[in-house]
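Colleague: Could you show me how to read helix packing and salt bridges in a model like this one? I would like the general idea and then the case at hand.

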Amino acid sequence: RPTAKATTASAPPAERKTEGSRYVLRPLHQFQDETNVRRADDISSSKTHRKLLEKFLAEAEKTGNGEELLTAQRALDSFRERKPLTLIADDTTNEALVSLMADNGERILIASDEGGIFTHMKGRYKQNGDDTELYLKAHSGGRVSVHRKSRDPEMHQVKKGNEWHFG
């Protein structure tokens, strides 16, 4: 069964919430940073590889060679770019959160000593209404399917045993 953990630390201003958050999150930030330094060459090579595949596809489109075009498209479709590890997010839209989760094994910690997550849930980037659907689906283990005109579709199923932490 999926686990979603919600915790909140509330205190008046100037009560050292930031220092407490920094202390608790330091090991995660350290691990994330060390991992990304260690993987920097792989991440950079991966970006270059993607650009080469996109160039190969663009050239195949120009020539109109159907076989080359299919080969280039399949190569690009099957390529999985290596991205920096992100364990902790703070200020993120729901759409960006879905992408972050897809890039990080469908796990993420939303952590802020200022409680910005609640502003997002309330609909910070929406004209009308709240924006809690993604968080409710995380809690229930529901399927997430994001389709926007400005990017490719993303669909994810929160798997059993994955944890989402909100705090």
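Colleague: At what angle do helix α2 and helix α3 pack?

Modeller: Bear in mind that this is a predicted model. Helix α2 (residues 40–63) and helix α3 (residues 66–78) pack at about 160°, and their axes are 8 Å apart. Angles over 145 degrees count as roughly antiparallel, so α2 and α3 are roughly antiparallel to each other. Their crossing is left-handed.

Colleague: Which residues make the contact?

Modeller: From α2, they include L53, F56, L57 and A60, and from α3, L69, A72, A75 and L76 are among them. The contact residues divide into eight nonpolar, two polar and four charged.

Colleague: Now the salt bridges: how many does a search of the whole structure find?

Modeller: The search finds four. To read one, look for a Lys or Arg side-chain nitrogen within 4 Å of an Asp or Glu carboxyl oxygen.

Colleague: Is E81 buried or exposed?

Modeller: E81 is buried, at 17% relative accessible area, while R50 is partly exposed at 23%.

Colleague: Which residues do shared partners join into one network?

Modeller: Those are R50, E54 and E81.

Notes: Residues numbered from 1 in each chain as written. Predicted model: local features only at pLDDT ≥ 70, side-chain atom pairs only at ≥ 80, totals over all residues. Heavy atoms only, no water. Axes fitted to C-alpha atoms, helices over the stretch in contact; angles between N-to-C directions. Helix = DSSP H or I, 4+ residues; strand = E, 2+ residues; numbered from the N terminus. Parallel < 35°, antiparallel > 145°, perpendicular 65-115°, else oblique. Left-handed = near helix turned anticlockwise from the far one by under 90°. Contact = heavy atoms within 4.5 Å. Nonpolar A, V, L, I, M, F, W, Y, C, P; charged D, E, K, R; others polar. Buried < 20%, exposed > 50% of the residue type's maximum accessible area, 1.4 Å probe, protein only.
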